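Hello,

Here is the structure I promised to pass on to you.

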Amino acid sequence: MNPLRLLLAIYARLERPLLRFNYWLVRSPLVRWPVTRQLLWLGAFLPISYAGAAGQPMTADEAVELLQAAGEEGVIAVGPCGCRTVHCGCDHPTRTDFAVYEGVEAWSRAHPAQYQVLSLAKAEAIVRDCRNRGMMQVFYRTGMGGGAGYALCNCCLDGCLPLMNRRAYRNYRFIRGTQLAQVDADRCTACGTCAGVCAFGAREADGSLDVRHCYGCGLCADACPARAVAMVPRERGGG
Ligand code: SF4
Ligand code: SF4
């Protein structure tokens, strides 16, 4: 077995206990006290986010394109979100995790009763439904984020453990997506909706955008009642 497959096979089996431990850790008082907070960063959160898997946010359309490409190379399987399954701490749907590429074999073998192959049309319906609920699509890769992708998750702001880790530690690593938000100042009414949905702190209540912190999820564009936000290719948006 090649090293990547072996790594994924091990991780797929250990994922739930690791996530359970992560949930306990990120909600513990240890994260609030300065000394233990720093120790936890160095000993746990930094290695997890830099040496382990890293997530790349994307728009719903990009997610559907990714699923299409993955489906052309193999199959797509859907199973329960590991984060929401271990903590049941939010009321978002759980059967929303897609195993793709090398992830299909690893997760289907680790949890044979929970992962099922599904069609692209059904996968797209899950993506669109999750987006309508304010969830973002995140593609996970191994090996410092540069390795093979194995899962496309539908992440909620109050249940996704990597996003909770990011809220606790601003340097918790995500990979920037290929898109960037762009605000039409003439249309913006400064309603502040975008600031409430951005998990990366890129938006302010007055509608301003700090492109350095935009990861390209597109949630603010979907939520903006004035349709003042467009998603553009990152190289064109200057981020
Ligand atoms: S949601 Fe739209 S209109 Fe409201 S502040 Fe943000 S960009 Fe402006
Ligand atoms: S600014 Fe908008 S597109 Fe960028 S990360 Fe925040 S919510 Fe996502």
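First, some housekeeping. Residues are numbered from 1 along each chain as its sequence is written, while chains are lettered from A and ligands numbered from 1 in the order in which they are written. This is a predicted model, in which local features need pLDDT of at least 70 and side-chain atom pairs count only at pLDDT 80 or more, whereas totals for chains, interfaces and linings use all residues.

**The sheet**

Helices (H or I, at least four residues) and strands (E, at least two) are DSSP runs, numbered from the N terminus. Two strands pair if DSSP finds at least two bridges between them. Strands of a sheet pair through backbone hydrogen bonds, either parallel or antiparallel. Here, six strands make an open sheet with antiparallel pairing, in the order β1-β5-β6-β3-β2-β4. At its edges are β1 (54-58) and β4 (116-118), each of which pairs on one side only. Inside the sheet, β5 (residues 136-141) and β6 (residues 149-155) are antiparallel partners over six bridges.

**Another pair of strands**

Is β7 (residues 179-183) largely enclosed or open? Four of its five residues are buried, so β7 is largely enclosed by the rest of the structure. A residue is buried if 20 or more other C-beta atoms lie within 10 Å of its own, exposed if 12 or fewer, and partly exposed in between, with C-beta atoms placed from the backbone. Strand β7 pairs with β8 (residues 229-233) in the antiparallel sense over five bridges, and there Ala181 has Met231 as its bridge partner.

**Two helices with two sides**

The expected span of a helix is 1.5 Å times one less than its number of residues. For α3 (residues 60-73), with 14 residues, that gives 20 Å, which agrees with the 20 Å between its end C-alpha atoms. Buried in α3 are Ala60, Glu62, Ala63, Leu66, Leu67 and Ala70. They cover an arc (taken from the directions from the helix axis to the C-beta atoms) of only 155 degrees, which puts them on the same side of α3. On the other side, Glu65, Ala69 and Glu72 are exposed.

Helix α6 (residues 120-132) has 13 residues and should span 18 Å, in agreement with the 18 Å between its end C-alpha atoms. Its buried residues are Ala123, Val127, Cys130 and Arg131. Their arc is only 100 degrees around the axis, so they are on the same side of α6. The exposed residues on the other side are Ala121, Lys122, Ala125 and Asn132.

**Around the ligands**

A residue counts as near a molecule if its C-beta atom, placed from the backbone, lies within 6 Å of it. Ligand 1 is surrounded by 13 residues, and the closest are Cys188, Cys191, Cys194, Gly207 and Cys224. Ligand 2 has 14 residues around it, with Cys198, Ala202, Cys214, Cys217 and Cys220 coming nearest.

**Two loop residues to look up**

Tyr101 has a positive phi, near 50 degrees, although Tyr101 is not a glycine. Tyr101 sits in the loop between β3 (97-99) and α5 (102-110), and is buried, with 21 other C-beta atoms within 10 Å. Ala190 also has a positive phi, near 55 degrees, and lies in the loop between β7 and α8 (193-197). With 14 C-beta neighbours inside 10 Å, Ala190 is partly exposed.

Happy exploring!
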